[in-house]
Amino acid sequence: MSSSLQFYLALLLVYAGVDLIACWGLNLQMGIGGIVNFGFVLFQAAGAYTYAILTLGAPAHNAGAGAGFQTYFWGARLPFPLPFVGAIVVGGLLSVVVGLLVLPRLRGDYQAIALLVVSLVASGLILNDASIFNGANGLSSIPRPLEAALGLSGLGYSWAYVGFTGVLCILSGWVVWQISRSPLGRVLRAVREDEEAAKSLGKNPRRLRLIAFVGGGMLAGLSGAVLVAYIDAWAPSSWGYVETFVFVTAVIVGGFGSNVGVAVGVVLVPIVFGEAPLFLPSLVQASWFGAVQLILFGLFTMGFLWVRPQGVRPERRVKYAGRIKKLGASVAVAGDGAGRAGERGGTQ
Amino acid sequence: MAAGAGDRDDPMLELRHVSREFGGVRAVEDVSFSIAEGAAVGIIGPNGAGKSTVLSMMAGSVIPSEGEILFCGERITGLRSDAVARCGIVRTFQVSAEFAGLTVMQNLLVAAPRQRGESVVGALLGWRYWGAAEESAIERAYELLVKFRMTDVVDEYAGNLSGGQRRLLEVMRAMMTNARVLLLDEPTAGVHPKMVGELRRQLQGLKGAGLTLLMVEHEMGIVGALCDRVIVMARGRVIAEGSLQEVRRNPEVMEAYVAG
C-alpha cells in the first residue's frame with residue numbers, strides 16, 4: 001500500500017473514531033435521553049479549543065515562536081494526557097451551563113432550536129472576536145500528543161494515533177454501554193417516552209436530562225480533542241451547524257437509542273457516504289463535493305425517517321421471559337388467566 | 001367538610017380550603033375533605049367541575065393557589081410531583097401514560113424506587129453493584145404480572161397493549177413504587193367493557209390489601225362497587241358527600257347533573 005493511501009486510511013480511521021465517540025455522546029442525549037441537540041457540535045468545538053490552548057502554551061510567552069502568530073485569550077502547556085482530560089471537563093461544564101439554561105424551560109422542537117441558536121451565537125462570537133480563539137483564522141500548529149517523545153516516523157505516528165483513538169473508542173463505548181443497560185439508562189428512556197409519567201413515579205426528569213446532556217457533552221469534548229490533536233488546526237469553519245446534522249443523520253440512520261446502531265450509522269454516513277463522492281470525480285465537479293455530501297445526508301435523514309425511522313439497527317428489546325421462567329413454576333398458575341392478555345399481546 | 005365518622009380519626013390525606021385559579025377562572029374553590037387510610041373515595045360530578053384539578057393538586061402536578069394539602073399530617077402543598085410520588089402518593093392519568101417504547105417489564109422496573117443503578121456511579125459500577133436489587137425488582141414485577149394475569153405480555157412494548165391492558169399496567173406500575181395512596185384519573189376511560197370488570201376486580205384486591213384509593217370517575221358501576229364514599233363536585237365546589245345512594249337522592253346533585 002502506498003504511503004499516501006496509508007495516510008488517507010489512518011486519517012479516515014481517526015475521523016471514524018472521532019465521529020463514533022461524538023455520535024455515542026449525541027445518542028446518549030438524543031436517542032436515550034430524548035434531548036434533540038441541534039447545537040451538539042458546539043461541545044465538540046469546546047473540547048477542541050480546550051485541547052488547543054492547553055497544549056499551545058501561554059500566548060504572550062511564545063511570541064515569535066512557532067505558534068506566536070495567533071492570538072488567544074489564555075494558554076498553557078500541559079503534559080499528555082491532561083489536555084484530553086481538560087477537554088472532557090470543559091465539554092461537561094459547558095453542558096451544565098447550557099443544560100441548566102435550556103433544558104428546564106423548553107421541550108421538543110423549541111429545545112432543539114434553542115440549542116442550535118446557542119451554538120450559532122457561540123460561533124459568531126468566536127468568529128468576530130479574534131482575541132478569544134484567533135477569530136476566523138482559528139488556531140493552528142497545535143501540538144500532537146507525545147509526537148517528539150515517541151520519535152516515530154510520520155506514518156508510524158499516524159498508525160499509533162489510530163491505535164490511541166481506538167482505545168478511547170473502547171473506553172467511551174464501555175461507558176455508554178454501562179449507562180445504556182443500567183437502571184439509569186432505563187429511567188432515561190422512560191423520561192424520553194413520557195416525562196409526566198416518570199415524575200408520577202417519583203423520578204426527577206430535570207436531574208436525569210441533565211445527566212444525559214452532560215454525559216453527551218463530555219464525550220463531545222473528548223471527540224473534539226481527539227480530532228484537533230491529529231489534524232492540528234481548528235477554526236469556526238470546522239464546526240459549522242452542518243457538522244451537527246452529520247451526527248444527527250448518523251444516529252437516525254444507525255438507530256436511535258442503540259449504541260451498536262450508532263456505530264453502524266457512523267460507518268455508513270460520515271465515512272462511506274461522506275467519502276464516496278470523492279471517488280466519483282467524473283460524475284461531479286470537485287467544487288460540488290461539499291454540496292453533494294450535504295444533499296446525500298439530507299436525503300438519508302428524510303429517507304430513513306420516512307421508510308425506516310427506527311434505523312438500520314434499532315434499539316434492542318430487552319427480554320425477560322427467559323429470566324422469569326427461572327423465577328417461577330408459578331407460570332402455570334398464571335396460565336389460567338393469561339389467555340386474556342395473550343389475545344392481543346403476543347410477541348412481534 | 002362533612003367527612004365520614006371513621007375518617008376523622010386518622011386522615012391520611014387531607015385538603016384544607018384548597019382553591020385553584022387558571023387565569024382568573026376559579027377551577028376549584030375552597031375544597032376541603034379528608035381520606036382515611038385504607039378508604040376508597042370517588043369524586044364524581046359533571047364535566048368542568050374541577051375533579052381532575054383536585055386530583056392533580058393532590059399529586060403535585062398542579063399547585064394550589066390557596067389552601068393546603070396534608071399527607072399523614074405533613075404539609076405537601078407545593079412539592080413537585082416527583083417528590084409527592086416519593087412520599088407514596090402515585091397517580092394514573094386520564095389518557096394512559098405508559099412508556100410506549102419500553103416493554104411491560106421495563107415499565108414496571110422503571111417504577112421500582114431507589115434503584116442502586118440509577119445514579120451515574122452506580123450505573124458505571126455495573127451489574128455486580130446493581131444486579132441483586134434488579135433481580136428482586138424483577139421478582140416483585142413478576143408477582144404483580146401473575147396477579148394481574150399479564151405474564152404473557154411481559155416482553156411486549158407497552159404501546160402495543162390494548163386500552164384496558166394499559167390501564168392495568170399503569171396500576172401495576174404504581175404498585176411497584178410501594179404507593180400508599182393511589183389516585184386514579186378516570187381509570188375506565190377508553191377501556192373495553194370486558195376489561196372494566198378485570199380492572200375493578202384488581203382494584204378491589206388492592207383495596208382489600210389496605211391501599212388507599214381515590215378515583216375521579218364517570219362510570220357509576222365501578223364507583224358503586226369500589227367506593228365507600230363519594231364526593232360530588234360542581235363548578236369547582238364540593239356540593240355533596242356520602243355513599244353513592246345518599247348523594248343520588250340529593251336534589252342539589254340532581255340539579256348539578258341536569259344543569260351542568
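Across the interface of chain B and chain A of this predicted model, 13 residue pairs are in polar contact, both residues at pLDDT 80 or more. A polar contact is a pair of N or O atoms within 3.5 Å; within protein, one must be able to donate a hydrogen and the other to accept it, and residues adjacent in sequence count only if both atoms are side-chain atoms. Helix α6(B) gives the most, with nine residues.

Two salt bridges cross the interface. A salt bridge is a side-chain nitrogen of Lys or Arg within 4 Å of a carboxyl oxygen of Asp or Glu. Arg186(A) and Glu134(B) meet in a salt bridge through their side chains, at 2.8 Å from N to O.

The contact (heavy atoms within 4.5 Å) takes 57 residues from chain B and 48 residues from chain A. Glu118(B), Tyr142(B) and Asp155(B) supply 14% of the area that chain B buries against chain A, more than any other three residues. Buried area is the accessible area (1.4 Å probe) that two parts lose on being put together, summed over both.

On chain A, Ser200(A) lies in helix α9, residues 195-200. Helices are DSSP runs (H or I, at least four residues) and strands likewise (E, at least two), numbered from the N terminus. Beyond neighbours within four places in sequence, Ser200(A) is in contact with Ala85(B), Val90(B), Arg91(B) and Phe93(B).

Residues are numbered from 1 along each chain as its sequence is written. Side-chain values use heavy atoms, without hydrogens and water.

Conventions: Chains are lettered from A and ligands numbered from 1 in the order in which they are written. This is a predicted model: local features need pLDDT of at least 70, side-chain atom pairs count only at pLDDT 80 or more; totals for chains, interfaces and linings use all residues.
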